[in-house]
Amino acid sequence: MKQEKQVSETLGIAFILTFVGGFLDTYSYLLHNKVFANAQTGNIVLLAMNITEGDFHTAFSYFLPIIAFVCGIFLAQWIRSLFQTSPNIHWRQITVFMEILALLGIAFIPANTYNHLANCMISCICAIQVESFRKVHGKPFTTTMCTGNLRSGTECLYHFLKDKKKEQLLHGIHYFSVILFFALGVAFGVFFIKWWENFSLFICCGLLSVCIVFMRERKKKSHSSLDNSFIK
């Protein structure tokens with residue numbers, strides 16, 4: 001019998017996570033000192049620029065989220081090592097639950113206060129998310145940045161035009177759809193942050209809760225139709 005796809009690779013999960021990724025990037029930039037908490041390339045560039053200019057105080061504000069991102073990767077891998085073989089809960093459910101708890105805490109940090117703390121927490125949970133969810137329908141993708149998705153989507157489009165294979169077009173559509181949801185997360189983030197400021201993070205918490213429930217229900221379904229060797 002053909003094994004069911006990993007629930008973490010479904011488009012529904014990918015859309016929710018990339019929406020949250022776009023929302024969080026907007027949140028950290030607008031409310032916490034214009035720091036990019038998701039993808040660290042911008043922070044590395046700004047870190048190097050400020051060090052070169054001798055502005056070590058500003059450089060430090062970009063250094064902290066980079067370290068927090070590294071810690072998030074370690075934390076995700078540690079959780080995976082502890083719960084990867086658990087028959088009752090999937091390790092990715094735990095990482096998403098940790099995201100929710102962290103975001104609930106950040107939501108009570110007022111705008112433009114404790115910026116270092118807020119940005120480090122966001123960077124850490126974004127690292128956990130990007131490390132935990134790395135594929136959609138078997139293809140690598142990222143939930144907190146767009147460069148890799150744009151490259152992969154364009155590559156699939158090229159191969160479709162060259163070889164006329166429909167699966168390449170389908171994969172390309174998946175990648176560009178994920179990018180669209182990231183952009184939607186940014187757009188909705190700008191709108192809701194304007195009205196609710198720090199409490200707009202409750203939207204992300206709600207969406208991530210949907211991910212946990214969806215993975216739980218799909219896990220139950222898989223156990224009833226296959227066996228106990230679900231996602232590893």
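Helices (H or I, at least four residues) and strands (E, at least two) are DSSP runs, numbered from the N terminus. With that in hand, welcome to this predicted model, whose chain has eight helices and two strands. Residues are numbered from 1 along each chain as its sequence is written, and side-chain values use heavy atoms, with hydrogens and water left out. Because the model is predicted, local features need pLDDT of at least 70 and side-chain atom pairs count only at pLDDT 80 or more, while totals for chains, interfaces and linings use all residues.

**Overall build**

- Along the sequence, the elements follow the pattern α-α-α-α-α-β-β-α-α-α.
- Taken along the principal axes, the C-alpha atoms fill a box of roughly 60 × 45 × 35 Å.
- Of the contacts (heavy atoms within 4.5 Å) in the chain with a separation of 6 or more, 75% are between residues 24 or more positions apart.
- Buried residues make up 45% of the 232 in the chain, where buried means under 20% relative accessible area, exposed over 50%, and partly exposed in between (1.4 Å probe, protein chains only).

**Confidence**

- The average pLDDT (the predictor's confidence in each residue, from 0 to 100) is 87 for the chain, and 91% of the residues score at least 70.
- Among the elements, α4 has the highest mean pLDDT (95) and α8 the lowest (78).
- Over residues 223–232 the pLDDT is below 50, although this stretch has 24 contacts in the model beyond near neighbours in sequence.
- Where pLDDT is low, the predicted coordinates should not be read in detail.

**The surface and its nonpolar patch**

- The chain exposes about 12,000 Å², and carbon and sulfur atoms supply 68% of it; such areas come from the Shrake-Rupley method with a 1.4 Å probe, and for residues only the protein chains shown count as cover.
- A nonpolar patch on the surface is formed by Phe-97, Leu-101, Leu-104, Phe-108, Phe-191, Trp-195, Trp-196, Phe-199 and Phe-202, with about 980 Å² of accessible area together.
- Patches are made of residues with over 30% relative accessible area and no salt bridge, joining like charges within 9 Å and nonpolar side chains (Val, Leu, Ile, Met, Phe, Trp, Tyr) within 5 Å.
- Helices α4 (91–106) and α7 (166–196) each supply at least two residues of the patch.
- Phe-202 sits in helix α8 (residues 201–225) and is partly exposed, with a relative accessible area of 37%.

**Salt bridges**

- The whole structure holds three salt bridges, each a side-chain nitrogen of Lys or Arg within 4 Å of a carboxyl oxygen of Asp or Glu.
- Glu-131 pairs with Arg-134 (3.4 Å, N to O); Glu-131 is buried at 14% relative accessible area, whereas Arg-134 is partly exposed at 46%.
- Glu-155 pairs with Arg-151 (3.2 Å, N to O), and both lie in helix α6, four residues apart, about one turn of the helix.
- Asp-163 pairs with Lys-162 (3.4 Å, N to O); Asp-163 is partly exposed at 36%, and Lys-162 is exposed at 52%.

**A buried loop residue**

- Thr-144 lies in the loop between β2 (139–140) and α6 (147–163) and counts as buried, at 0% relative accessibility.
- Leaving aside residues up to four places away in sequence, Thr-144 touches Gly-21, Asn-38, Ala-39, Cys-126, Gln-129, Val-130 and Phe-182.
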